[in-house]
Amino acid sequence: MNALPASHGHRPLNAVLISEVGPRDGLQSVKATMPTAHKLLWIDALVAAGLREIEVGSFVPARLLPQMADVAEVVRHALTHAGVTVMALAPNLRGAEVALAAGVHKVTLPVSASAAHSLANVRKTREAMVEEVRAVAQLRDAQAPGMLVEVGLSTAFGCTLQGVVPEDDVIWLAGLCAEAGADEVGLSDTTGMANPAQVRRLFTRLHAELGDKAGAAHMHNTRGLGLANCLAAYDVGVRTFDASLGGLGGCPYAPGASGNVVTEDLVFMFEAMGIATGVDLERLMAARAPLQAGLPGEPVYGMTPEAGLPKGWVQR
Ligand code: ZN
């Protein structure tokens with residue numbers, strides 16, 4: 001078990017943490033498999049740009065997601081970068097056991113806020129997933145007390161199967177996950193249905209319910225509201241934001257739109273506002289090269305890389 005970087009959790013009030021999810025969320029959404037050597041070069045470039053938390057893969061059986069068959073090796077490599085929180089997704093206790101053995105600093109479990117999505121996606125009820133969170137937290141307590149357990153509440157803002165997801169359901173489930181031992185519970189707009197007013201309401205309630213355990217905003221840009229939703233979340237106190245370099249993965253429902261919020265655009269927004277991200281934009285844009293080399297022909301997105309940095313741009 002590797003110790004968490006000492007800087008973790010000690011950011012100035014007006015700074016944000018950008019959690020890069022491309023190597024997990026992006027890569028598992030595209031058909032092609034990025035060769036391991038390219039994944040490692042891409043992660044090195046992300047670290048060089050200043051990203052301090054990277055979700056590097058998913059601990060799922062390779063027969064389900066061949067793109068993630070090398071996840072343990074990718075984790076091992078990412079751990080050689082001091083000061084970077086190495087994070088991976090695990091869908092259940094079994095996945096978390098392998099992730100823990102690989103030495104991740106932080107494991108993230110997806111729990112659906114929508115009852116219908118939970119059954120369709122993991123064939124488990126939401127309550128059964130809370131028990132999975134409890135089992136992972138107990139494993140952490142017994143074997144790796146330094147490892148963080150995060151829950152991302154997917155479909156928190158709406159669901160393609162059941163439509164509206166009641167806000168009371170989201171807050172109820174967040175409370176259960178925190179009580180089950182999760183260190184952080186974040187909200188994910190898996191389906192790109194969120195709007196800024198809803199984001200303000202739900203994150204305000206989440207903070208009231210969970211205090212310090214209220215976690216990241218994971219926004220999608222399916223309908224063009226990704227950045228607006230991130231800003232709304234920032235305004236009500238969220239300081240950790242998931243994003244994907246080049247918006248990798250796209251959105252199957254909205255051709256031309258990225259799925260995840262584009263890291264380059266999100267960093268540009270915050271830096272332009274004087275809100276420190278710790279990420280160097282020029283180097284961040286340079287990190288697109290190893291991504292594209294590893295996935296030739298795969299579309300990447302982003303308005304800032306397209307337009308370039310404004311004349312006279314000086315990053316503080
Ligand atoms: Zn996503």
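Is Lys106 buried or exposed, and what is its relative accessible area?

Mentor: Lys106 is buried, because its relative accessible area is 2%. Buried stands for under 20% relative accessible area, exposed for over 50%, and partly exposed for what lies in between, with a 1.4 Å probe and protein chains only. Before going on, note that this is a predicted model, in which local features need pLDDT of at least 70 and side-chain atom pairs count only at pLDDT 80 or more, while totals for chains, interfaces and linings use all residues. Residues are numbered from 1 along each chain as its sequence is written, and side-chain values use heavy atoms, with hydrogens and water left out.

Lys106 has salt-bridge partners. A salt bridge here is a side-chain nitrogen of Lys or Arg within 4 Å of a carboxyl oxygen of Asp or Glu. With Glu53, Lys106 forms such a bridge, and the closest N and O atoms are 3.1 Å apart. Glu53 belongs to strand β2 and Lys106 to strand β4 (residues 106-112), so this pair ties together parts that are 53 residues apart in sequence. Strands (E, at least two residues) and helices (H or I, at least four) are DSSP runs, numbered from the N terminus. Glu53 counts as buried because its relative accessibility is 1%.

Lys106 also meets Glu150 in a salt bridge, at 4.0 Å from N to O. This second pair again links distant parts of the chain: Lys106 sits in β4 and Glu150 in strand β5 (residues 148-154), 44 residues apart. With a relative accessible area of 6%, Glu150 is buried as well. Together, Glu53, Lys106, Glu150 and Glu184 are linked in a network of salt bridges. The structure as a whole holds 17 salt bridges.

A barrel is closed by 8 strands in the order β1-β2-β3-β4-β5-β6-β7-β8, with parallel pairing. Ignoring direction, neighbouring strands of this sheet are turned by 30° against each other on average. Two strands pair if DSSP finds at least two bridges between them. Strand β1 (residues 17-20) and strand β2 (residues 53-58) run parallel and are joined by 2 bridges. Glu53, the salt-bridge partner of Lys106, stands in β2 opposite Ser19.

Helix α8 lies across β6 (184-188) and β7 (214-218), and runs at about 160° to β7. Such angles run from 0 to 180 degrees between N-to-C directions, with axes fitted to C-alpha atoms, for helices over the stretch in contact. Contact means heavy atoms within 4.5 Å.

Helix α8 covers residues 196-210, and Pro196 is found in it. Pro196 counts as partly exposed because its relative accessibility is 23%. Leaving aside neighbours within four places in sequence, Pro196 is in contact with Leu225, Ala228, Asn229 and Ala232. Asp168 lies in helix α7 (residues 167-179) and Arg205 in α8, so the bridge ties together parts that are 37 residues apart in sequence. Asp168 counts as exposed at 51% relative accessibility, while Arg205, with a relative accessible area of 33%, is partly exposed.

Asp25 (OD), His218 (NE2), His220 (NE2) and Asn260 (OD1) coordinate the zinc ion at 2.1 to 2.2 Å. The spacing of these donor residues in sequence is D-x192-H-x1-H-x39-N. Asp25 in helix α1 (residues 22-29) and Asn260 in the loop between β8 (240-243) and α10 (263-272) are 235 residues apart, a pair that links distant parts of the chain. Donors are N, O and S atoms within 2.8 Å of the metal (3.2 Å for Na, K and Ca); water is not among the atoms, so sites may look incomplete. Asp25 and Asn260 are both buried.
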